[in-house]
Structure formats: structure tokens, C-alpha cells
Amino acid sequence: MITTQSLPAATTRVTSSTTTSGWKTALPVLHASRVTLRELRLSDAPSLLAFLHTREVSRFISPPPTTVDGFERFIEWTHRERAAGTYVCFGVVPDGCEHAVGLFQVRQLNGSFDIAEWGFAIGSEFWGSGVFIEGARAVLAFTFDTIGAIRLEARASVANGRGNGALQKLGATREALLRRSFLRDGEYHDQVLWSVLASDWRESNTARSVLRH
């Protein structure tokens, strides 16, 4: 599930309210400017349905659930996969909101989580608010520093100009064109494969810190 929006750069400071060594038992709560990322709750289902089951959001992603019950089953599935250590899913809760208006997903690709893939979807009402870039940086930090991944991949439809621009803004490297790799509404679409390496991410964070000071 991938959709991204091009947002202005912002400084992200991530803190956790739980010990990060036990993420398979419960995800930590990640706090950044403008947004909190936390594990999905069943009470998030109506909000996720309202914000993600729209044409604007779902245009470039695999179809999301179409009912509250469907999202509740999805949320329960995310908990089981997290407990198995193969996948994490953070709900996106902007400041001033109680329930999730989007999500970030990360799943292992090679059985050890050192290579992973991420995807994200956020309600269109929050496009351009800074929520995406702040949340994305928090998830990158968690994936590299807590899970221990060394490479994180993303796929975005070629037609998704905002999504590709956002990945580039985050420092991702465009690696390949995946021809006819995404089926949506009975039609195959080309995708761009992007990657972020842990070493590059830490180097860019160091550079940003130096510039701020």
C-alpha cells in the first residue's frame, strides 16, 4: 500500500515511550513534530476507512478494505505479523487527532529483516501539512536503528508524481523501472523502485545536524 505526498522539509526529533528492544511484543510510540506514530487499534478502523477509502488516496495503491469490519480484520492481522517479527504497521495520528488517519508499513523481504520494503497511505486532508515527512523520517529511524535493516525499498507508480517526489526528497535513490509490475483496476502499471540504505541515511542525518548547528 503506497501513496506519498510531496511535503516541505522539516526537522524530526523522535522519542519513544517504550523500550525499542521489544518491538515484537508491542511497537514503541514514536513522537515527532506534528505527528505521533503508534500501533493500530481496533478503534482506528472507522477513521482509516474514512480517510483511506477515497479515490484520491487509493488511486496508486492496492485497494484498501471497504468496510469497518475489513479494517478491523486488517488491524488484527498487523498485530499477528508484528508478533511474528516479519512486519510492522504504525498508525499516523496528527497532533490534535485521537485516531489514525493513515499508516506506515514495513515488511521483511529476506527472512532476517536486514532488507525490507515500506509503504504508506495518509488521508488527503493532511497532504501538505508536514505530517508525511515527519512520520517518514521517524519510520526510517526506527527501521534502521531499532529493527536493524540495512536497506529499505519502496515501489511507486510512475504516474504518482507526488509519491516519487516525496521519496526523492527523503533521500531515496531511484534504482530501476519495473515494467507492468502493479495491477490496479484490471490494468498493469509501471513502477519505480527506490531504495534507502542505512549508511546513507545516517550520513545524511549527520549532515543535517551539522547544518542546523
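**View 1. Thr 78 and its polar contact with Ile 75.** In this predicted model, the side chain of Thr 78 reaches the backbone oxygen of Ile 75 at 2.6 Å. Thr 78 sits in helix α3, which spans residues 68-84. Its relative accessibility is 2%, so Thr 78 counts as buried. Setting aside residues up to four places away in sequence, Thr 78 touches Tyr 87 and Cys 89.

**View 2. Helix α5 and its buried face.** Helix α5 covers residues 161-169. Its buried residues are Gly 163, Asn 164, Ala 166 and Leu 167. Seen down the axis of α5, these buried residues fall within an arc of 160 degrees, so they line one face of the helix. Gly 161 and Gln 168 are exposed on the other side of α5.

**View 3. The cover over α5.** Several elements cover the buried residues of α5. Among them are three strands: β6 (115-122), β7 (151-157) and β9 (187-197). Helix α4 (131-147) is also part of this cover. Just after α5 comes Gly 171, with a positive phi of about 95 degrees.

**View 4. Phe 113 in the loop between β5 and β6.** Phe 113 is found in the loop that joins β5 (102-108) to β6. Its phi is near 70 degrees, a positive value in a residue other than glycine. Is Phe 113 buried or exposed? At 3% relative accessibility, Phe 113 counts as buried; the cut-off for buried is under 20%.

**View 5. Arg 180 in strand β8.** Strand β8 runs over residues 173-184, and Arg 180 lies in it. The phi of Arg 180 is near 50 degrees. This too is a positive value in a residue other than glycine. Arg 180 has 54% relative accessibility and therefore counts as exposed; the cut-off for exposed is over 50%.

**View 6. The whole chain, as context for the close-ups.** The chain has six helices and nine strands. Of its 213 residues, 48% are buried. Take the contacts between residues at least 6 apart in sequence: 63% of them join residues at least 24 apart. The chain exposes about 10000 Å². Carbon and sulfur atoms supply 50% of that area.

Conventions
Residues numbered from 1 in each chain as written. Predicted model: local features only at pLDDT ≥ 70, side-chain atom pairs only at ≥ 80, totals over all residues. Heavy atoms only, no water. Helix = DSSP H or I, 4+ residues; strand = E, 2+ residues; numbered from the N terminus. Buried < 20%, exposed > 50% of the residue type's maximum accessible area, 1.4 Å probe, protein only. Contact = heavy atoms within 4.5 Å. Areas by Shrake-Rupley, 256 points an atom, 1.4 Å probe, with all protein chains shown as cover. Arc of directions from axis to C-beta. Polar contact = N/O pair within 3.5 Å; in protein donor to acceptor, adjacent residues only side chain to side chain.
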